[in-house]
Amino acid sequence: MKNVLHLAGPGGAGKTSVGKLLGKLLAWEFIDLDESFISSSGDISEFIETKGYRAYAQRNLAIYESIVSIGNAPVVLALSSGFITYPADVAEGYLGLRHRIEHNPLSVLLLPSFELEECVEIIVSRQMGRHYLNGNSQREEEKIRQRFPAFMSFECTRFLSNVPVTELACRIMRFARERKPVF
């Protein structure tokens, strides 16, 4: 796997905000997997509605693979919120890929709290500020409650994202530089 700093976590954890700044600080390309999906396959909600979540996850995995297989320049990559929580049988090789991401020394998990109730409250509040989610707080709460155990069991370095974006980006930048990736 080329030099990819993975940002994992739920929607509203700050992956895109910190990723953009982190890319600039490190002078690395920043790629948002959701934006890449939209560019290649259209609106995520419509895709899921017409083709189903499994087809979405499979397409998202294919987009991820194409991103990491191109070039050798370092990349900050914000994963989709459910990327590390897909069902084990979603695609051949998914568990191996998830394992490689999990054990990549540059993978990080962002959560606003490591306590379930506080995390749910913060994530739902942040997600309700996003116009494209149509204000469905119950759905967002169910999603984070369902995925929280998978996030907490993901064995990579964790960062609390309940701090200013600049502070978080600087912390992750120091973390990345300590890992001394080879270019």
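## Cysteines

Cys170 is partly exposed, because its relative accessibility is 23% (buried means under 20% relative accessible area, exposed over 50%, and partly exposed in between, with a 1.4 Å probe and protein chains only). Cys119, on the other hand, counts as buried at 0% relative accessibility. Keep in mind that this is a predicted model, in which local features need pLDDT of at least 70 and side-chain atom pairs count only at pLDDT 80 or more, while totals for chains, interfaces and linings use all residues. Residues are numbered from 1 along each chain as its sequence is written, and side-chain values use heavy atoms, with hydrogens and water left out.

How many disulfides does a search of the whole structure find? The search finds 0, where a disulfide is a pair of cysteine sulfur atoms within 2.5 Å. Cys119 is in no disulfide, and its nearest cysteine sulfur belongs to Cys156, 14 Å away. Cys170 is in no disulfide either; its nearest cysteine sulfur is that of Cys156, at 20 Å.

## Helices α6 and α7

Helix α6 covers residues 116–128 and helix α7 covers residues 137–153 (helices, H or I with at least four residues, and strands, E with at least two, are DSSP runs numbered from the N terminus). Their axes come within 9 Å and cross at roughly 140 degrees; axes are lines fitted to C-alpha atoms, for helices over the stretch in contact, and angles run from 0 to 180 degrees between N-to-C directions. That angle makes α6 oblique to α7 (under 35 degrees counts as roughly parallel, over 145 as roughly antiparallel, 65 to 115 as roughly perpendicular and the rest as oblique).

Contact here means heavy atoms within 4.5 Å. Phe148 is found in helix α7 and is buried, with a relative accessible area of 8%. Leaving aside residues up to four places away in sequence, Phe148 touches Leu111, Ser113, Phe114, Glu115, Leu116 and Cys119.

## The aromatic cluster

The structure holds 8 aromatic pairs. Rings of Phe, Tyr and Trp (its six-membered ring) pair if their centres lie within 6.5 Å; planes under 30 degrees apart count as stacked, over 60 as edge-to-face and the rest as tilted. The pair of Tyr64 and Phe83 is tilted, because the ring centres are 5.2 Å apart and the planes stand at 45 degrees. Tyr64 sits in helix α4 (residues 53–69) and Phe83 in the loop between β3 (75–78) and α5 (94–102), so this pair ties together parts that are 19 residues apart in sequence.

Phe83 also forms a tilted pair with Tyr86, at 5.6 Å centre to centre and 55 degrees between the planes. Are these residues buried or exposed? Tyr64 is buried at 0% relative accessible area, Phe83 is buried at 1%, and Tyr86 is buried at 5%. Ring pairs link Phe37, Phe47, Tyr53, Tyr56, Tyr64, Phe83, Tyr86 and Tyr94 into a cluster.

## Helices α4 and α5

α4 and α5 pack at an angle of about 50 degrees with their axes 12 Å apart, and they are therefore oblique to each other. α4 passes α5 in a left-handed crossing. Leu61, Tyr64 and Glu65 of α4 make the contact with Tyr94, Leu97, Arg100 and Ile101 of α5.

Definitions and conventions: A crossing is left-handed if the near helix is turned anticlockwise from the far one by less than a right angle, and right-handed if clockwise.
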